[in-house]
Amino acid sequence: MTDQSSDRPSARQRFVAPLVGLAPGFLVCATVAFAAQFLSDHYGAPAMLMALLLGIAFHFLAEEGPSAAGVAFTSRSVLRFGVALLGARISAELVMDLGADTIALIVSAVAATILFGLLAARLLGRGWRLALLTGGSVAICGASAAMAIAAVLPRNHLSERNLIFTIIGVTALSTVAMIVYPLLTAAFAMDDRAAGIFIGATIHDVAQVVGAGFSISETAGETATLVKLMRVTLLAPLVLLLSLSLRSLATEPTGKKPPLVPGFVVGFVVLAGLNSLSLVPEALAALLVDLSRWALLFGIAAVGMKTSLRSIKDVGAAAIVLIVAETFFIALFVAGGLHLVG
């Protein structure tokens, strides 16, 4: 009698072998991420931008060879894992502390900026994918939003180029805003709370929001951080809405339709819900937030490796005009809203 169990793959073949195949690419991404963090810690450069630029320099590793599979895995799965863990930053109490007027202003600014991006992209002759990517990243939380939105947009041959451009664009504009916006709040005689709301609602990346807010005062810094986290809470609803709306256009590499609700969105919502119920200890929440930052850093290093400089050069001036216009729009919208509500 034949032993049929000998025909079944062993545990090593099913689990260990695939991990060994992914290890070289993953370790390369980790090395780039650690190098980027070192540059950020010692020279003040944005870690995300450094990971992206260093990753581009190693583009050849993602094309073929032993690292290609691990780089692809990191650019997709590890990145989505990082986005899911962002939910550990969010709680219902945090959102309610802002007050109804501020919440309404933030939600309106996010929605209006995305709609403005779609309209401006059409006028500039650019596609709706780039409009949603840039508009969502400007409206919500910079590079993190860009990566989350890119994960649910239907893919084409320009997807990675557009993502790289968006991340570079929002990071550069955030850095400029971190310097300029505190000067503007002083020029317009905003009090500390209004200045914090303006900075938290308009600067793209969290790190630059914190830097700009606390450069004004403790109150402005705390308010800016709170408002920024409110914007981050809108990431999950936006990604879910896009996923449901665009599902008919999207396919997985296997040819199947993607899941109705992306797993990383479910993870984000579950973590935010548990945190809202005070079921996540502070020490664990801090650990998850730190893990999220590293996962996103690994992911963006991998995205950089998968993109060539030649493709970024081809993005065109219209795309630059688009992301700058969206940045100006959200700043003017929030400033106008603050003026109206006093």
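Helix H16 covers residues 317-341, and at 1.5 Å a residue its 25 residues should span 36 Å; the end C-alpha atoms are 36 Å apart, which agrees. The expected span here is 1.5 Å times one less than the number of residues. Helices (H or I, at least four residues) and strands (E, at least two) are DSSP runs, numbered from the N terminus.

Which residues of H16 are buried? They are Ala-319, Leu-322, Ile-323, Glu-326, Thr-327, Ile-330, Ala-331, Val-334, Gly-337 and Leu-338. Buried means under 20% relative accessible area, exposed means over 50%, and partly exposed lies in between (1.4 Å probe, protein chains only). An α-helix has 3.6 residues a turn, so residues three or four places apart point the same way. The buried residues of H16 pack against H5, H6, helix H8 (159-187), helix H9 (192-202) and helix H11 (218-233).

## About the model

This is a predicted model, in which local features need pLDDT of at least 70 and side-chain atom pairs count only at pLDDT 80 or more, while totals for chains, interfaces and linings use all residues. Residues are numbered from 1 along each chain as its sequence is written, and side-chain values use heavy atoms, with hydrogens and water left out.

## The chain as a whole

The secondary structure of the chain comes to 16 helices and zero strands. Of the 342 residues, 49% are buried. Among contacts (heavy atoms within 4.5 Å) between residues at least 6 apart in sequence, 79% join residues at least 24 apart.

Helix H2 (residues 47-57) is mostly covered, with eight of its 11 residues buried. Those residues are Ala-47, Met-48, Leu-49, Met-50, Ala-51, Leu-52, Gly-55 and Ile-56.

## Two arginines

Arg-126 lies in the loop between helix H5 (100-124) and helix H6 (128-139). Leaving aside residues up to four places away in sequence, Arg-126 touches Ala-121, Arg-161, Val-315, Gly-316, Ala-318 and Ala-319.

Arg-161 has its place in helix H8. Is Arg-161 buried or exposed? At 8% relative accessibility, Arg-161 counts as buried. Its side chain makes a polar contact with the side chain of Asn-162 (3.1 Å). A polar contact is a pair of N or O atoms within 3.5 Å; within protein, one must be able to donate a hydrogen and the other to accept it, and residues adjacent in sequence count only if both atoms are side-chain atoms.

## Two loop residues with positive phi

Most residues other than glycine have a negative phi. Ala-189, in the loop between H8 and H9, has a positive phi of about 55° although it is not a glycine. Ala-189 is exposed, with a relative accessible area of 66%.

Ser-278 sits in the loop between H13 and helix H14 (282-305). Its phi is near 60°, a positive value in a residue other than glycine, and at 61% relative accessibility Ser-278 counts as exposed.

## Lining of the largest cavity

The lining of the largest cavity consists of Val-83, Ala-148, Leu-235, Ala-236, Val-239, Phe-264, Val-265 and Phe-268. On a 1 Å grid over the protein atoms alone, a cavity is a set of points where a 1.4 Å probe fits but cannot get out, and lining residues have an atom within 4 Å of a point. Helix H12 (235-246) and helix H13 (263-276) each supply at least two residues of this lining.

Notes. On a 1 Å grid over the protein atoms alone, a cavity is a set of points where a 1.4 Å probe fits but cannot get out, and a pocket is an open set with protein on both sides within 12 Å along at least five of seven lines; lining residues have an atom within 4 Å of a point.
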